[in-house]
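Here is a short briefing for a first look. Keep the sequence and the 3D view open as you read.

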Amino acid sequence: MDLREKKTKRAIRDAFLQIRSRKPLERITIKELAETAEISKATFYLHYRDIYDLSQQLQNEVIQDVLNGVIQENKVILNVEQLTKRLYDSFYSHQNLIDILFSGTQAAVLPIRIEQGIKEHIFNIDPEAQKDAKLRVLLTYQIQGSYYAYTQNRKELGDEQVLDILDKVSFHMRTLNL
């Protein structure tokens with residue numbers, strides 16, 4: 001990718017995030033985006049099919065970054081406290097983009113895709129784990145529950161208090177003998 005293409009994509013990205021921070025995805029027009037990015041509509045279409053394609057590509061980047069923060073290469077993350085902490089740290093370090101890209105109708109996309117990515121990682125390393133019903137349900141509970149507990153409570157209770165409570169819940173989950 002040459003320098004001009006990088007600058008154009010950065011301008012599109014920045015304009016999209018600026019608009020998306022104050023408008024739902026469904027109300028953003030290519031015309032508005034092109035004007036904000038100071039490009040033509042034709043230039044936009046050289047890089048993306050539509051506004052949803054752009055949004056999805058940006059979401060994919062954030063999802064991959066979050067997963068990279070959670071998953072260590074060739075290690076199965078079965079320690080629930082460690083997984084909760086890594087999820088929290090990764091969500092927290094990407095919070096500004098998460099708040100913009102995964103709001104409104106896109107709110108459920110992130111936790112679903114993070115769950116899929118973590119399960120895929122675990123099951124690639126240990127295919128037998130895919131048959132473990134307890135593990136599958138607890139992973140869903142932990143990933144989805146941690147995400148929603150964090151996003152719904154962090155502003156009111158503060159990050160530290162939410163994480164402390166999630167750590168305690170994770171400890172009790174680990175001790176369950178289902």
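A salt bridge here is a side-chain nitrogen of Lys or Arg within 4 Å of a carboxyl oxygen of Asp or Glu. K23 and E32 meet that rule, with their closest N and O atoms 2.9 Å apart. The model is predicted.

**Salt bridges**

- Side chains of opposite charge can pair when their charged atoms come close.
- The structure contains 7 salt bridges.
- One of them joins K23 to E32. E32 is buried, because its relative accessible area of 17% falls under the 20% limit.
- R13 and D14 form another, through their side chains, at 3.8 Å from N to O.
- R13 has 28% relative accessibility, so R13 counts as partly exposed. D14 has 40% and is also classed as partly exposed.
- E128 pairs with K131, and the closest N and O atoms lie 3.3 Å apart. Both of these residues, E128 and K131, are exposed.

**The largest nonpolar core**

- How many residues make up the largest nonpolar core? The count is 45.
- The residues with the most contacts inside this core are F16, L33, L54, F91, I114 and I118.
- At least two core residues come from each of helix 1 (3-20), helix 2 (30-37), helix 4 (51-70), helix 5 (80-93), helix 6 (95-101), helix 7 (109-125), helix 8 (133-157) and helix 9 (159-174).
- Helix 4 contributes the most, with 8 residues.
- F16 shows who meets whom. Setting aside neighbours within four places in sequence, F16 touches L25, I28, L33, I51, L54, S55, L58 and L101.
- Two of those partners, L33 and L54, are themselves listed with F16 among the residues with the most contacts inside the core.

**Q106, a loop residue**

- Where is Q106 found? Q106 sits in the loop between helix 6 and helix 7.
- Is Q106 buried or exposed? Q106 is buried, because its 16% relative accessibility is under 20%.
- The side chain of Q106 makes a polar contact with the side chain of Q59, at 3.0 Å.
- Beyond neighbours within four places in sequence, Q106 is in contact with R20, L25, Q59 and L101.

Key: Residues are numbered from 1 along each chain as its sequence is written. This is a predicted model: local features need pLDDT of at least 70, side-chain atom pairs count only at pLDDT 80 or more; totals for chains, interfaces and linings use all residues. Side-chain values use heavy atoms; hydrogens and water are left out. Buried means under 20% relative accessible area, exposed over 50%, partly exposed in between (1.4 Å probe, protein chains only). A nonpolar core is a set of buried Ala, Val, Leu, Ile, Met, Phe, Trp, Tyr and Cys residues joined through side-chain atoms within 4.5 Å. Helices (H or I, at least four residues) and strands (E, at least two) are DSSP runs, numbered from the N terminus. Contact means heavy atoms within 4.5 Å. A polar contact is a pair of N or O atoms within 3.5 Å; within protein, one must be able to donate a hydrogen and the other to accept it, and residues adjacent in sequence count only if both atoms are side-chain atoms.
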